[in-house]
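Colleague: I have a chain open in the viewer and would like to talk it through with you. Could you take my questions as they come?

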Amino acid sequence: MVRTPLTDEERDRGRALGRALRAARGARSAADVAREAGISLDTLRKIERGAISAPAFFTVAALARVLDLDLDALARDLMPDRRTPLAG
């Protein structure tokens, strides 16, 4: 199966996710966070630097849980507002 290439917007959003997770991690070691989230250290590092632009939902959910981030708020901060005004 061939995946559709990511858009620039999607790559930018992946980098923003990585920055948000890295900031939330603070002084905690990446190894500790990865272990608690049940992912490899390499995967966490790739997400934090934006090399994995669209990580799996459950990976992000596990990281949000470990980092005490609200998943809804994280999504709101990272997703573009695609709502359009209703015609009145």
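**Charges, fold and pocket**

Modeller: Let me begin with charge: the protein chain carries 16 positive and 13 negative side chains, and the centres of the two sets lie 4 Å apart. Lys and Arg count as positive and Asp and Glu as negative, while His and the chain ends are not counted, and each charge is placed at NZ of Lys, CZ of Arg, CG of Asp or CD of Glu.

Colleague: What kind of model is this, and how are residues numbered?

Modeller: This is a predicted model, in which local features need pLDDT of at least 70 and side-chain atom pairs count only at pLDDT 80 or more, whereas totals for chains, interfaces and linings use all residues. Residues are numbered from 1 along each chain as its sequence is written, and side-chain values use heavy atoms, with hydrogens and water left out.

Colleague: How many helices and strands does the protein chain have?

Modeller: The protein chain has 5 helices and 0 strands, giving the pattern α-α-α-α-α along the sequence; helices (H or I, at least four residues) and strands (E, at least two) are DSSP runs, numbered from the N terminus. Its C-alpha atoms fill a box of roughly 50 × 30 × 20 Å along the principal axes.

Colleague: And what share of the residues is buried?

Modeller: Of the 88 residues in the protein chain, 30% are buried, where buried means under 20% relative accessible area, exposed over 50% and partly exposed in between, with a 1.4 Å probe and protein chains only. As for contacts (heavy atoms within 4.5 Å), among those between residues at least 6 apart in sequence, 66% join residues at least 24 apart.

Colleague: Switching topic, which residues lie nearest the centre of the largest pocket?

Modeller: R13, L17, V60, L78 and M79 do, out of 16 lining residues, and the space in the largest pocket is about 340 Å³. A pocket here is an open set of points on a 1 Å grid over the protein atoms alone, where a 1.4 Å probe fits, with protein on both sides within 12 Å along at least five of seven lines, and lining residues have an atom within 4 Å of a point. Grid points are joined across faces, edges and corners, and the volume is the space filled by probe spheres set on the points.

Colleague: Which helices supply that lining?

Modeller: α1 (8-25), α4 (57-66) and α5 (71-78) each supply at least two residues of it.

Colleague: Staying with α4, what covers its buried residues?

Modeller: The buried residues of α4 are T59, V60, A62, L63, A64 and V66, and their cover includes α1, α2 (30-37), α3 (41-49) and α5.

Colleague: Why does A37 count as buried?

Modeller: A37, in helix α2, counts as buried because its relative accessibility is 11%. Leaving aside neighbours within four places in sequence, A37 is in contact with A62, L63, R65 and V66.

Colleague: And where is I39 found?

Modeller: I39 is found in the loop between α2 and α3 and, at 17% relative accessibility, counts as buried. With neighbours within four places in sequence set aside, I39 is in contact with A34, L44, T59 and L63.

Colleague: Last one: is D68 buried or exposed?

Modeller: D68 is exposed, with a relative accessible area of 71%, and lies in the loop between α4 and α5. Although D68 is not a glycine, it has a positive phi of about 55 degrees.
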